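Here are my notes on this model. Please read them with the structure open.

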Amino acid sequence: MREIINGNSLTLGTCYYPEHWDRSLWREDLDRMLEAGIRVIRIAEFAWNKIEPREGEYTYEFFDSFLDVVEETPMKVIFCTPTATPPAWLAEEYPEILNAGMDGTLYRHGSRRHYNYNSAIYQRFAANITEKSAAHYGPRPCVIGWQIDNELNCETSEFYSDSDTVAFREFLKKKYGTIEALNEAWGTVFWNQTYTAWSEVYVPQTTVSNSTNPHRVLDYLRFISDSACRFAGLQAEIIRKYKKPDDFITTNGLFGNLDNHRMTEESLDFITYDSYPNFAYCLDDYKEKDLLKDRKWSRNLTETRAISPNFGIMEQQSGANGWNTRMEAPTPRPGQMTLWTMQSIAHGADYVSYFRWRTCTVGTEIYWHGILDYSGRENRRLRELRDIHHRLEGLQEVAGSVYEAKVGILKDYDNIWDAQLDKWHERVDRESLKNLFAAAQLTHTPVDFVYLTERTGLSDLRKYEVLFYPHAVILTKERMALLEAYVREGGKLVMGCRTGYKDMSGRCVMDYLPGLAAELAGTDIPEYSFVAPDDGKVCADWDGERIEAAVFNDILAPVGENAEVLAVYADSYYAGEPALIRNRFGKGEAYYFGGAFSLEAAKAFLRRLGAAQPYAELLDVPEGCEIAVRRKPVTENGAAGGAAAAGETAGEGAAWLFVLNYQHEPVQITLKRPMQELTCGKLEEGTVTLEKFGVKVYRIS
């Protein structure tokens with residue numbers, strides 16, 4: 001059985017860099033970690049030179065000596081492949097491994113992630129260092145798993161080297177077969193961009209006014225994802241040859257231009273995320289009017305569990321954030337380290353590893369603080385870590401349970417990437433995703449992100465009573481067939497403006513809009529427009545309730561005997577025209593809203609569709625608190641997966657309700673029936689005080 005994320009335990013870890021510290025500190029640090037509740041450490045992600053100091057010269061003494069010390073203790077190790085930071089000798093001898101900017105300028109040695117995935121030379125060296133590391137360190141008893149690279153596509157998610165152009169051409173040849181088919185898909189007749197040979201095709205390059213062919217860029221983003229997935233797969237295949245049967249493979253972070261679902265399915269046992277809620281208070285980015293602030297990191301955790309329902313946090317906030325060149329974020333206040341740890345666990349994390357143990361005294365990250373400051377002295381954060389460990393002892397029965405939601409927000413990578421290159425798409429997409437998630441949080445409505453991939457089936461959608469697909473600009477027949485089957489069975493689907501007007505190449509369709517969605521939506525769109533700036537706030541009247549139809553407005557017309565106008569525009573030249581149509585389809589209902597989802601509109605949909613506050617019969621909590629529920633999954637034979645040693649209370653269908661207070665003052669919550677609180681072990685009922693940054697975990701079934 002795996003050591004972590006095994007369905008039986010919640011485990012704490014930390015990131016440790018033995019190469020940064022004198023050997024005399026190693027055993028002392030390990031003993032202090034263990035005393036504080038740390039059971040796993042991550043090592044070696046930036047330490048290529050410690051294994052291959054010069055080309056072809058391999059030495060294992062450094063990490064062997066460290067692992068010898070580790071194996072004198074109960075500590076376990078996640079070993080990393082060090083490919084995120086190629087050594088100076090490699091970049092100097094083989095500059096073709098380097099990534100480049102769009103203008104062709106190479107990114108030189110001196111930072112990190114300066115390589116490109118498609119250099120055949122870099123692939124060879126990366127494979128060699130992975131093979132040597134896995135073969136030598138894999139058998140060590142303390143090594144329980146492997147992290148591939150570090151934060152794939154972090155720092156930059158765009159690649160413009162010569163190697164990338166060569167690989168891009170091969171990617172396109174495989175996809176289109178002929179240059180004529182590529183020209184058709186990319187619409188190269190526009191602005192005389194037609195290609196006559198594959199040698200004329202490059203990754204996007206610097207152009208006048210930075211204008212680019214959007215269909216070319218969409219395929220380029222798909223290519224970047226493919227490149228990163230293949231690079232992860234290269235390493236995973238090697239590691240599998242040497243790892244022990246129960247050892248796992250993972251990688252960390254969620255970054256742009258990467259199909260994390262594909263990468264996880266092909267190469268990983270689970271994904272891990274790097275959670276830094278204190279970015280909400282970063283001096284450069286702080287927004288006083290941001291409704292969620294650090295609570296907004298629950299959105300990133302929602303993305304993570306869309307990939308792995310039970311996942312790990314490889315880097316959890318423990319101190320102040322900052323490089324010497326950017327980012328200035330304050331030290332977590334007393335209690336926030338606990339709050340953010342429990343935020344991760346509430347969303348499905350069964351492993352939480354803090355970044356980092358000691359704060360580094362050299363380099364770019366001298367202000368990226370860990371649990372200990374430079375001196376290593378006893379401090380408040382270390383004391384808080386001990387308290388977190390104590391709290392987790394009462395929560396072990398939660399391990400293996402998964403987040404519960406009856407509302408889903410549909411996403412797909414084609415539309416995510418299209419929104420990056422299309423400003424019209426980006427504006428509505430950004431507005432709706434921000435507000436739908438905020439509305440779910442503020443109405444205490446747990447929500448999932450549900451990705452539509454080639455592997456998504458009807459069974460994946462049936463568990464949701466309501467699904468939002470805010471702006472499916474790119475639609476396919478396969479996705480529409482799946483959505484129609486969901487609604488036909490009784491589901492409720494809500495779509496927003498700008499649906500269905502592009503195909504998979506990003507070309508605008510010549511159908512009546514909303515294109516492939518028209519039959520399900522029961523609507524035609526005779527006209528559409530951005531909300532004009534001198535119109536101010538355009539609202540829709542929904543049975544006397546005015547809700548903003550933000551950013552962009554589709555003017556609707558019902559089609560079919562089952563289509564019904566529920567709301568009309570109240571402003572602009574199209575006042576009185578339909579703004580919301582409900583179409584009864586089979587046993588279910590499809591809703592088409594002609595705007596982007598403002599916060600008030602999102603709340604109205606959740607309330608009117610009966611999805612808001614599903615746990616209101618159990619408790620009342622202020623808007624500033626988050627509610628999350630984890631429940632033990634039920635297997636086909638009726639038994640819960642991964643039942644812990646807590647007996648019947650953690651068996652089939654057992655569930656736990658988390659209440660997290662992000663406010664800077666205590667709040668009152670009201671329990672409507674007695675419930676066992678796990679972190680203190682007491683039965684609580686009635687009015688309960690939740691301290692600032694406080695967390696309660698109640699067993700509810």
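1. Glu 151 sits in the loop between strand 4 (143-147) and helix 5 (162-176). Helices (H or I, at least four residues) and strands (E, at least two) are DSSP runs, numbered from the N terminus. The model is predicted: local features need pLDDT of at least 70, side-chain atom pairs count only at pLDDT 80 or more, and totals for chains, interfaces and linings use all residues. Residues are numbered from 1 along each chain as its sequence is written, and side-chain values use heavy atoms, with hydrogens and water left out.

2. Glu 151 counts as buried because its relative accessibility is 7%. Buried means under 20% relative accessible area, exposed over 50%, partly exposed in between (1.4 Å probe, protein chains only).

3. The side chain of Glu 151 makes a polar contact with that of Arg 112, at 3.5 Å. Such a contact is a pair of N or O atoms within 3.5 Å; within protein, one must be able to donate a hydrogen and the other to accept it, and residues adjacent in sequence count only if both atoms are side-chain atoms.

4. UniProt places "active site" (unreviewed entry) at Glu 151 and Glu 315. They are spread over 165 residues of sequence, yet cluster in space, with a largest C-alpha distance of 10.7 Å. UniProt annotations may be inferred rather than shown by experiment.

5. Glu 315 belongs to strand 7 (residues 311-317). Glu 315 is buried, at 6% relative accessible area.

6. Where is Phe 190 found? Phe 190 lies in the loop between helix 6 (179-186) and helix 7 (214-242). Phe 190 counts as exposed, at 51% relative accessibility.
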